[in-house]
Amino acid sequence: MDTSSKENIRLFSKNSMQPVGRLSFKTEYPSPEEKQPCCGQLKVFLGALSFVYFAKALAEGYLKSTITQIERRFDIPSSLVGIIDGSFEIGNLLVIAFVSYFGAKLHRPKIIGAGCLIMGVGTLLIAMPQFFMEHYKYERYSPVSNSTLSISPCLLDSNNSLPIPVVEKSQSKINNGCVQTVAIIGPIFGFLLGSLCAKLYVDIGFVNLDHITITPKDPQWVGAWWLGYLIAGSITLLAAVPFWCLPRTLPRPRSREDSSSSSEKSKFIMDDHTDYQTPPGEKAKIMEMARDFLPSLKSLFGNPVYFLYLCASTVQFNSLFGMVTYKPKYIEQQYGQSASKANFVIGLINIPAVALGIFSGGIVMKKFRISIRGAAKLYLGSSGLGYLLFLSLFALGCENSDVAGLTISYQGTKLVSYHERALFSDCNSRCKCSETKWEPICGENGITYASACLAGCQTTTGSGKTTIFNNCTCVGLAASKSGNSTGMVGRCQKDNGCAKMFLYFLVIAVITSYTLSVGGIPGYILLLRCIKPQLKSFALGIYTLAVRVLAGIPSPIYFGVLIDTSCLKWGFKRCRSKGSCRLYDSNAFRHIYLGLTMMLGIMSIFLSTAVLFTLKKNYVSKHRSFRTKRERTMVSTRIRKENCTTSDHLLQPNYWPGKETQL
């Protein structure tokens, strides 16, 4: 499914099989009646292929948008979420190389249709755990009744007092431009769908929403992550239908014979070649094709330009996949935004910038007729400038939220180091509090407390979302007030300066995404021009396989593992095993997330530079060889002409030696 759409269209439309004994008497310019069936079926194929790319991109985009939702719903760390995200690509490891190799020789539309069915069923299966698990239970403080002064969150230490449970929970062109453009639109709708589902409570339709005491802005909120997978899976299954109605091949109109091979390409690839096609009347045999697999693979990896570009792309996609996977999480944790808003801005602002960059790169390549070396330079320049702009994001971060005992002391001063006992202070020493509980409240002093008990709150008023905690001794201590103070359910919002930083972050992120994506089409052209035409489909398959296996699978995993090291407060499950992270160190998170992305980007730039030098070296060498061969041919021709002239003179009857000299 990930093989180039250009190759799909080219191989599908090629008349590669002709019955034995049947001669072709078609004229060079077929009549309109002859062209209509072919063009009609080709348009159907293009439309169906575009819809498949849209469905696939929609599912992948939606998966990225649900990372934080899945993490909270199943109470798992980021490293495990990275494994789940990477497993989305594992299926490609098993089939993509063989599909790309055999697909060009077999019934390609039906192979695509079968792939859509498998992908659609797999997408539907992702949502199944929601229907077999108990309802989501989030940590919260739950007073017994709606009356004021109901109970004391701070249980005073006495002989009859019992410790609070560890976790207290409650229920709540019409060509390759066409197809690639649609593939870019897919993630936009994927993230927008993720934004919509994130606003809906995870158990919508199963519980009474009036009893839910948290809002989408609450860090414990989990949206209806499963709903989008049902929608994406149904769309993918629908996309498979047209391919079962298409023929194996279509005759190519004679007036549209492929004459797009550039002179630069013919100069770079000097070997004579013919289009790969099955001889007339002879069916492709699996064993014969299998015997050519290893020699074809050796030929690809023996091409230094292809191999270096493959390495550069793999490293760069490690950077990009890791960055995109955890970008919603980064926006939530760094700038205090909700999951819905994070997905919305990515889908509506960031991805369109990527689409515009890819389109701009294609326009530049076409308008200026850039050579293969020019494409390599544009690819390198795009990466270099993009990662240079990316450096500025290090300065656009927000400071840690003020959380008593985690980022600041209970007196309001900055903590030097964090340890478990830092959650306890003199102001809550008389309370029987659990250090593992995470039921954040916001004090009127602007400081967040891990729980009402740790804030030293004595009484409550109201219920649910309007619960107010009164007589909180720790709140009054940090506020430097005499007496007690109040707090309310939920974490305190970050200051106004962080909101401005978020706007600056969006602007730089959009420009960076556009700049990096400008090199997409030049890199794709470089890939196609540096290999022999008969190996294009196979080369694209190996390229996609390498990118997904060596970048799509591992990058979310090690990004997640490193991000987990910045966690300040872990949640705990009922079995007391570690759950998901409740609070991150914003500075450490920013340095790990941006630093790892930048480091991988710099590595890809060095490899791209090696591609350019290797390409230049090979081009100059082949060009010299061509010039030497041409000069030798010209000298040989001149000598033959001179010999022929001498022979003609000798054969003339009135010729004698020295005649020209005497004359």
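Buried means under 20% relative accessible area, exposed means over 50%, and partly exposed lies in between (1.4 Å probe, protein chains only). The legends below concern a predicted model, in which local features need pLDDT of at least 70 and side-chain atom pairs count only at pLDDT 80 or more, while totals for chains, interfaces and linings use all residues. Residues are numbered from 1 along each chain as its sequence is written, and side-chain values use heavy atoms, with hydrogens and water left out.

**Figure 1. The protein chain as a whole.** The protein chain contains 23 helices and nine strands. Helices (H or I, at least four residues) and strands (E, at least two) are DSSP runs, numbered from the N terminus. Of the 663 residues in the protein chain, 48% are buried. The chain exposes about 32400 Å², and carbon and sulfur atoms supply 62% of this area. Accessible areas come from the Shrake-Rupley method with a 1.4 Å probe; for residues, only the protein chains shown count as cover.

Figure 2. Helix α15 covers residues 339-367 and includes N343. The relative accessible area of N343 is 0%, so this residue is buried. A contact means heavy atoms within 4.5 Å. When neighbours within four places in sequence are left aside, N343 is in contact with S65, F191, G194, S195 and P328.

Figure 3. T515 belongs to helix α18, which spans residues 496-518. T515 is buried because its relative accessible area is 10%. Residues up to four places away in sequence are not counted here; beyond them, T515 touches S382, L385, G386 and L389. T515 and I358 are 157 residues apart along the chain, and their C-alpha atoms are separated by 9.2 Å.

**Figure 4. S401 in a loop.** The loop between α16 (372-390) and β3 (441-443) holds S401. With a relative accessible area of 13%, S401 is buried. Apart from its neighbours within four places in sequence, S401 is in contact with T407, R491 and K494.

Figure 5. Rings of Phe, Tyr and Trp (its six-membered ring) pair if their centres lie within 6.5 Å; planes under 30 degrees apart count as stacked, over 60 as edge-to-face and the rest as tilted. Across the whole structure, a search finds 25 aromatic pairs. The pair of F54 and F189 is edge-to-face because the planes of the two rings stand at 70°, with the centres 5.7 Å apart. F54 is buried at 15% relative accessibility, whereas F189 is partly exposed at 44%. F131 and W226 also form an edge-to-face pair, with 5.4 Å from centre to centre and 70° between the planes. Here F131 is partly exposed, at 39% relative accessible area, and W226 is buried, at 8%. Elsewhere, ring pairs link Y330, Y335, F502, F505, Y584, F589 and Y593 into a cluster.

**Figure 6. Charges over rings.** A charge sits over a ring if NZ of Lys or CZ of Arg is within 6 Å of the ring centre and within 35 degrees of the ring normal. R73 lies over the face of F74, at 5.6 Å from the ring centre. The charged end of K578 is placed over the ring of W570, 4.2 Å from the centre of that ring.

**Figure 7. Salt bridges.** A salt bridge is a side-chain nitrogen of Lys or Arg within 4 Å of a carboxyl oxygen of Asp or Glu. By this rule, the count is eight salt bridges. One of them joins the side chains of E71 and K329, at 2.8 Å from N to O. E71 is buried at 2% relative accessible area, and K329 is buried at 3%. In the salt bridge of R72 with E332, the closest N and O atoms are 2.6 Å apart; both residues are buried. K137 and E134 form a salt bridge whose closest N and O atoms are 4.0 Å apart. K137 is partly exposed at 28% relative accessible area, and E134 is partly exposed at 46%. Salt bridges with shared partners join K56, E60 and R548 into one network.

**Figure 8. A nonpolar patch on the surface.** Patches are made of residues with over 30% relative accessible area and no salt bridge; like charges are joined within 9 Å, and nonpolar side chains (Val, Leu, Ile, Met, Phe, Trp, Tyr) within 5 Å. L93, L94, V95 and V99 form such a nonpolar patch, and together they have about 340 Å² of accessible area. V95 lies in helix α5, residues 90-102. At 45% relative accessibility, V95 is partly exposed.
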